[in-house]
Amino acid sequence: MSHILFKLDSTLSVLISKCETQIVDIIRAYLQNILSKSSITSSHIQTLVQDDNITVSLYYRSLKDDNENLYIICFICDGKTFMSPFYHELDKYSDSLCRLISSADNIVDTKSCLDSWYESCIEYVLRVVDFFRNDLAALLYIALSRNNIEIHVTKLEGQIVIDTQKFISSCSLKELMYNTEVVFSPISDPEESVMIDFDNKIVNYETNSFCRKWAETIAFESDAFQVRQILEDHKVTANEDMNTFRRLLHLAEADHYAFFQGYEFIKLHENGKILFEMLTHESTVYSLDNLENLLDILQKFRLYKENQSGDHGR
């Protein structure tokens with residue numbers, strides 16, 4: 001795992017590098033070829049193959065300091081790894097680097113930041129999985145549940161706190177759907193329903209079978225890239241299920257049978273409670289009155305059916 005900081009000049013001068021000269025030359029040639037055709041305006045991830053014996057996975061992005069000087073930051077991994085799931089983490093880390101290189105006095109801090117990119121952007125997932133192994137399912141449930149934007153914790157400082165916040169964000173659909181951020185707040189009431197106890201490695205919250213199965217797939221995985229890909233795969237599944245539920249409710253506006261299908265879908269789904277909460281929140285955020293009314297009717301119908309079942313049980 002290595003890095004290069006180029007100055008964006010006519011020769012792509014190397015300012016900082018922890019990379020073999022051959023790899024630097026390959027990456028420089030690749031970037032110069034791109035720059036000969038267009039500017040680099042956003043971050044990219046690319047796999048580079050040279051002579052069938054050198055393969056690298058490359059993240060690169062242009063940065064601009066306060067003096068309008070341009071740079072290209074490169075983070076490099078072995079070509080067998082798949083860096084794309086870490087796009088968000090790498091972009092945020094690049095932002096912090098941009099602030100550092102604005103001052104020539106920060107060269108030591110800049111080098112330190114570059115040296116830590118892999119530990120900060122990639123390995124955090126393994127640290128969290130190892131730390132909360134016994135309560136991973138509850139942590140995943142918090143990440144998916146739209147009600148837990150503010151999470152009460154026993155402390156607000158330390159590497160594992162930072163790692164956990166990033167982990168929850170990486171598992172969450174909230175940032176994708178509602179542009180919200182995960183917020184940690186200090187415990188004010190010991191009876192709070194949402195609590196992450198960093199002192200005792202406990203996540204005090206409910207879970208479901210979807211999150212338990214999800215947790216089992218990563219609990220003993222030692223490859224950070226594999227863990228991150230599994231997280232993304234389960235997010236895709238949750239999003240697809242959300243779309244199915246949403247489609248049934250849209251059909252229910254003109255089709256009573258579709259309404260009943262929506263009821264059956266959410267009743268039998270192992271992640272039904274979270275899907276219902278998220279769609280309810282979506283209808284409120286985007287003022288979707290028809291959807292909000294359907295969800296309200298569906299909730300009343302669910303309660304009615306539950307009461308019926310209870311009566312029959314007696």
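What percentage of the 314 residues in the chain is buried? Buried residues, meaning those under 20% relative accessible area (1.4 Å probe, protein chains only), make up 47% of the chain. The model is a predicted one, with local features needing pLDDT of at least 70 and side-chain atom pairs counting only at pLDDT 80 or more, while totals for chains, interfaces and linings use all residues. Residue numbers run from 1 along each chain as its sequence is written, and side-chain values use heavy atoms, leaving out hydrogens and water.

Overall, the C-alpha trace spans about 80 × 45 × 40 Å along its principal axes. The chain holds 13 helices and nine strands, taken as DSSP runs (helices H or I, at least four residues; strands E, at least two) numbered from the N terminus. Of the contacts (heavy atoms within 4.5 Å) with a separation of 6 or more, 64% come from residues 24 or more positions apart.

Now to helix H11, residues 256–268. Ala 258, Phe 259, Gly 262, Tyr 263, Phe 265 and Ile 266 are the buried residues of H11. They sit on the same side of H11 because their arc around the axis is only 165°, as judged from the directions from the helix axis to the C-beta atoms. Turned away from that buried side is a face with His 256, Tyr 257, Lys 267 and Leu 268, all exposed (over 50% relative accessible area). At the start of H11, Asp 255 brings a side-chain oxygen to within 2.9 Å of the backbone nitrogen of Tyr 257.

Key: A polar contact is a pair of N or O atoms within 3.5 Å; within protein, one must be able to donate a hydrogen and the other to accept it, and residues adjacent in sequence count only if both atoms are side-chain atoms.
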